[in-house]
Amino acid sequence: MCNARFVLGAFAASLLIAGCGRGQPVQETPTPIEQPPGRTPQEIADSIAAERARQDSIRAAQLAAEQAAQRAARAARQTLEGTVYFDYDESTITSATEAALRAKVEVLRANPGVRLRMEGHADERGTSEYNIALGNERAESVIQFLTNFGLSGDRFSSVSYGEEQPAMQGSNEEAWALNRRVEFVITAGGDSIVGS
Amino acid sequence: MRARHTGASLASPAGSSAGPAAHARIAPGLIAGILALLAGAATPPPSAAQEPEGQIPGVELTLLYENLYIPPLAILPFRTTGDSPETGALVHGIVARDLDYSDRFRIIDSLPALWNDQQGVQYAFWDQYGVDWLVIGTVERVAGSRFLAVELHDIVTASARARGRFPLPAPDDPGFRMAVHRVSDEIVMWATGEQGIAATQIAFRMPALGDPASKEIYIVDSDGANRRRLTWDADLAVSPAWSPDGSRLAYTSYKSGVPKIYEIELATGTERMIGPGGSGQQHSPAYHPHGGEISFTLTDRGSKGVVSYNIRDGCCLRMLAGGRAPNIQPAYSRDGRTLAFVSLRLGSATPQVYTMPSEGGTQTLLSPYRYGQGGYFTDPDWSPVSNQVAFAGGIVNRRTVGRYHIFIADLDTSDNRLIQLTREGNNEDPSWAPDGRHLVFKGERRNGLGIFIVDAATGRQRVLVANVDAEDTDWSPWLGNSGGAGQSPGNLPRGGR
């Protein structure tokens with residue numbers, strides 16, 4: 001609800017009505033313009049334009065900051081949720097995986113309220129119970145890596161799906177490589193992630 | 001009298017002079033005999049340099065069962081009194097297939113046109129025809145009740161071996177087929193003195209029809225008929241395990257978000273969680289033979305491995321094989337005193353089968369691991385009648401990746417003699433039948449996936465269910481007393497002798 005009580009001039013009134021009509025986000029109530037007597041209509045118009053420009057620039061700056069923060073949060077979320085991959089029958093962290101996990105460490109440090117569930121997977125080769133164990137080993141070695149950086153293990157849980165939920169169907173190297181993985185699910189603190 | 005081959009001829013293939021006195025066709029110690037034969041016939045193991053890639057040292061790769069005598073059995077078309085010929089043909093078909101699937105007889109299905117059983121069994125005729133056993137059956141319908149009367153005749157001794165009369169539900173009754181299977185097992189018992197496996201079922205899991213992302217538990221009869229779905233969780237349901245009395249089935253479900261062990265009471269369909277509470281993941285349940293305890297794989301922060309848990313009182317979680325490397329897939333021995341399990345302690349790419357006392361204790365490597373060669377061995381299952389452990393695996397290298405076979409290790413031999421039962425495709429999840437002779441497993445062949453059955457005594461394989469992506473096969477105990485899932489037949493009287 002716009003408060004028009006302080007509106008003095010017809011120009012200002014029309015501007016504010018326009019401002020009201022634009023709706024969200026609700027703007028700050030403009031500072032009431034003290035109108036010294038004897039100003040010309042031109043002076044009044046200039047003053048209003050200047051004030052509008054000032055508010056626009058504040059809004060733009062706020063918007064840019066918000067967008068930057070959102071971008072950073074989105075990037076942080078992507079960093080957290082990025083899947084990491086493993087070699088055949090292995091649960092050791094490869095150098096490529098290590099870089100991805102170090103980036104997660106930074107985000108997790110900046111977001112102490114975030115909790116993660118590590119979901120371990122295996123490719124279809126091998127027996128199913130073995131692959132469940134292998135998926136658990138992969139999730140466990142990711143958690144071990146993160147806690148080695150001083151992060152609390154209480155923030156992480158894990159579950160293994162073995163070979164049951166392939167990311168890509170198919171019995172070829174491409175599918176197998178995509179299926180040997182740990183996925184990351186944010187289980188708490190996901191609404192307030194900030195960039196690191 | 002025609003000379004008869006016997007089980008004894010196994011030990012000396014040239015000798016076939018055993019008469020009626022040596023009437024044991026398939027002796028109880030058959031498999032042991034075969035193993036002994038194999039042990040005697042085994043050539044000295046070649047040196048490592050000569051071994052073909054992927055071959056396991058000390059493993060008998062060839063099935064040498066040609067000397068096993070399979071007695072011919074003729075089964076006459078079943079007569080009917082007061083019932084339709086169709087019912088007689090239906091029952092006859094089930095019994096004939098059961099006897100064939102027992103792998104204890106060679107079924108004679110093309111019978112001579114001149115046979116005449118109206119004036120009693122013509123033993124001399126059947127003897128000339130080369131038949132050892134003759135089955136005669138009649139489906140009787142009296143005042144709304146049905147009976148299946150069967151006779152087993154021993155042609156070699158020219159005498160009736162046994163006859164019995166068994167109540168039979170109507171063909172559209174859910175317990176009909178299981179009642180017929182039970183009669184088939186009775187015939188096997190009369191002829192061999194050993195329990196048949198017709199009245200059994202196999203549990204497994206596979207993608208649900210119409211919902212390929214979910215895995216559900218299914219059950220099928222031993223002859224491949226009567227496949228039905230047991231779980232409707234629309235989630236992951238894996239590793240079904242029969243209780244020792246066949247009345248319950250345990251399995252692991254992800255439906256709570258964390259894999260936990262549940263148990264279904266088959267007669268009522270009611271389900272309960274039987275594992276301990278807590279955050280841990282629970283997999284691979286196996287019942288202790290007394291039924292009041294399970295062993296399973298626990299994966300929890302700071303404690304993972306093979307554990308046991310008292311499901312009767314809901315207490316007493318015990319870590320039996322813990323440690324840093326995963327220990328998984330427990331399987332009890334028939335007396336419950338020993339557990340076989342799989343450990344990844346030698347490397348995540350080389351899982352091996354171990355044994356240990358079921359109270360925990362010294363762990364012994366069972367599978368044929370040799371340093372530098374690797375090897376991938378999982379899915380142990382202990383024979384319900386002997387000290388034989390089946391498992392799946394192979395030497396894994398570039399050429400043999402994913403090529404797993406079914407093996408049996410005989411712990412009663414001094415060197416844990418190994419026999420390889422499959423030779424083609426990929427084979428996993430072996431599970432013993434209650435006769436300790438047949439095994440069910442998941443097989444992959446050039447022409448598709450399926451559930452297979454192999455007879456360890458003859459090496460004969462058959463497809464149980466074709467074209468299904470089934471895993472975690474588990475063979476039930478004999479269900480002649482309980483009736484199994486979805487069945488409600490009464491107890492059958494023992495046939496006369």
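Student: How many aromatic pairs does the structure hold over all chains?

Tutor: This is a predicted model, where local features need pLDDT of at least 70, side-chain atom pairs count only at pLDDT 80 or more, and totals for chains, interfaces and linings use all residues; side-chain values use heavy atoms, with hydrogens and water left out. Residues are numbered from 1 along each chain as its sequence is written, while chains are lettered from A and ligands numbered from 1 in the order in which they are written. Rings of Phe, Tyr and Trp (its six-membered ring) pair if their centres lie within 6.5 Å; planes under 30 degrees apart count as stacked, over 60 as edge-to-face and the rest as tilted. Over all chains, the number of aromatic pairs is 15.

Student: Why is the pair of B:Phe125 and B:Tyr129 called stacked?

Tutor: A pair of aromatic rings is described by the distance of the centres and the angle of the planes. The centres of B:Phe125 and B:Tyr129 are 6.1 Å apart, and the pair is stacked because the planes stand at 5°.

Student: Are B:Phe204 and B:Tyr218 buried or exposed?

Tutor: These two rings also stack, with centres 6.0 Å apart and planes at 20°. The pair links distant parts of the chain, 14 residues apart: B:Phe204 is in strand 8 (residues 201-208) of chain B and B:Tyr218 in strand 9 (residues 211-221) of chain B. Strands (E, at least two residues) and helices (H or I, at least four) are DSSP runs, numbered from the N terminus. With buried meaning under 20% relative accessible area, exposed over 50% and partly exposed in between (1.4 Å probe, protein chains only), both B:Phe204 and B:Tyr218 are buried.

Student: Which residues do ring pairs link into a cluster?

Tutor: This cluster takes residues from chain A and chain B. Its members are A:Tyr130, B:Tyr376 and B:Tyr404.

Student: Which ring does the charged end of B:Arg165 sit over?

Tutor: A charge sits over a ring if NZ of Lys or CZ of Arg is within 6 Å of the ring centre and within 35 degrees of the ring normal. For B:Arg165 the distance to the centre is 4.0 Å, and the ring belongs to B:Phe147.

Student: Which residues of strand 12 of chain B are buried on each side?

Tutor: Strand 12 spans residues 248-253, and six of its six residues are buried. In a regular strand the side chains alternate between the two faces of the sheet. Here one side has B:Arg248, B:Ala250 and B:Thr252, and the other has B:Leu249, B:Tyr251 and B:Ser253.

Student: Why is the disulfide of B:Cys315 and B:Cys316 left-handed?

Tutor: A disulfide is a pair of cysteine sulfur atoms within 2.5 Å. The sulfur atoms of B:Cys315 and B:Cys316 are 2.2 Å apart. The disulfide is left-handed because the torsion about the S-S bond is about -70°.

Student: Where in chain B does the pLDDT fall below 50 with 69 contacts in the model?

Tutor: pLDDT is the predictor's confidence in each residue, from 0 to 100. Chain B averages 84, and 81% of the residues score at least 70. The 69 contacts (heavy atoms within 4.5 Å) are those beyond near neighbours in sequence, and the stretch is residues 5-53.
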